[in-house]
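Have a go at each task before reading its solution.

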Amino acid sequence: ATMPPLLSAIALAGRHGVLVKSAVVMERLADTDLVVFDKTGTLTEGTPRVAEIHPTPGGRHDVGSLLRLAAAAEHPSEHPLAGALLAAAQERGLDLPPAHDFVATPGRGVEATVAGHRVRVGSPALLDGPTADEAGVRDVVDRVQAQGRTAVVVVVDDRTAGVLALADRARPAAATAVAALTALTGTRPALLTGDNAGAAGRLAAETGIGEAHAGLLPADKVDRVRAHQHAGRRVLLVGDGVNDAPALAAADTGVAMGRHGSDLALRTADAVLVRDDLAALPALVSLARRARRLVV
Ligand code: ADP
Ligand code: MG
């Protein structure tokens with residue numbers, strides 16, 4: 001006996017490295033007319049490296065002590081930026097004190113107590129809070145972001161201790177996948193990120209993305225998805241992070257990155273790119289459409 005078309009489409013998707021969780025998902029995928037990507041870890045490789053370390057001039061930290069505290073605070077985090085800090089600390093042979101009272105705020109950063117200091121590591125939004133812009137830190141952040149890099153601010157005991165510049169690369173398959181999805185849906189994919197506008201704009205230009213929105217918290221990503229849905233779009237959202245989980249749930253179909261994806265993203269998504277291969281996305285939408293033509 002032959003398999004029903006939706007089931008054989010699921011089996012075929014599996015061969016492309018996509019785990020589709022149900023036949024209903026396969027049906028909905030066929031209607032996709034807008035693809036929305038997360039940036040860090042989704043369109044980018046998600047293995048950023050620390051490119052520059054700028055301790056606050058006249059502050060208490062040098063490059064080594066700044067990196068040591070920041071990496072120690074990130075140790076419990078599963079965010080790609082945390083991995084970059086840990087790798088940089090390891091390269092320099094720094095031994096990291098344990099982190100206590102760790103708190104992660106998706107889309108913003110982390111904080112923990114390290115060697116008796118309260119250490120916060122995260123987006124430049126940290127500078128908008130009670131922490132003043134000290135010693136021209138804002139200028140360093142602006143310069144880093146203008147280069148298309150991610151600026152991470154380190155605050156120690158409520159004093160701005162320094163800025164790290166992190167560089168990530170577009171996945172090699174990103175531009176081709178974006179072009180194929182543009183051809184399939186008739187619309188250029190969009191980009192939603194918690195990172196800064198400089199990094200978002202640069203990656204969008206590099207990969208052929210249509211519109212890019214930066215500085216978004218998890219709930220802002222949901223708002224963007226809903227706005228497209230209210231405009232009549234059927235949205236396929238691709239993401240990897242804890243910060244993407246609400247948007248993955250809100251989208252018509254949510255697709256998680258299997259290797260880089262956080263547990264929450266994997267559980268929330270309707271389908272998983274098992275090998276993080278973006279080239280499987282256009283193949284998946286095509287398959288879903290073909291399966292529907294057979295189900296009448
Ligand atoms: P994206 O939406 O591109 O996947 P995220 O929402 O995960 O990005 O992160 C957005 C921004 O929040 C980062 O660019 C960074 O400034 C900050 N951030 C989030 N998590 C961390 C972390 N663990 N360490 C440092 N910064 C973080
Ligand atoms: Mg991400």
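**Exercise 1. How many bridges join β7 to strand β8, and how do the two strands run?**

Step 1. Keep in mind that you're looking at a predicted model. Find β8 at residues 159-167 and pair it up with β7: seven bridges join them, and the strands run antiparallel.

Step 2. Pick one pair to check. Val152 has Leu164 as its bridge partner in β8.

Step 3. Now look at the turn. β7 and β8 make a hairpin with two residues between them, and Asp157 in that turn has a positive phi of about 50 degrees.

Step 4. β7 also pairs with β6, through four bridges, and this pair is antiparallel too. Here Val154 of β7 has Val121 standing opposite.

**Exercise 2. Work out which residues of β7 sit on each side of the strand, and whether they are buried or exposed.**

Step 1. Start with a general idea: in a regular strand, side chains alternate between the two faces of the sheet.

Step 2. Sort the residues. One side carries Thr150, Val152, Val154 and Val156, while the other has Ala151, Val153 and Val155.

Step 3. Count neighbours, using 20 or more other C-beta atoms within 10 Å as the cut-off for buried. Every residue on both sides turns out to be buried, and both faces are covered.

Step 4. Draw the conclusion: seven of the seven residues of β7 are buried, so the strand is largely enclosed by the rest of the structure.

**Exercise 3. How many residues of domain 1 are in contact with domain 2?**

Step 1. Count both sides: 16 residues of domain 1 touch eleven of domain 2.

Step 2. On the domain 1 side, α3 and α8 (197-207) are the elements that give two or more residues. The biggest share comes from α8, with three.

Step 3. By class, this side has five nonpolar, nine polar and two charged residues.

Terms used: Residues numbered from 1 in each chain as written. Chains lettered and ligands numbered in written order. Predicted model: local features only at pLDDT ≥ 70, side-chain atom pairs only at ≥ 80, totals over all residues. Buried ≥ 20, exposed ≤ 12 C-beta atoms within 10 Å, placed from the backbone. Pairing = 2+ DSSP bridges. Contact = placed C-beta atoms within 7 Å. Nonpolar A, V, L, I, M, F, W, Y, C, P; charged D, E, K, R; others polar.
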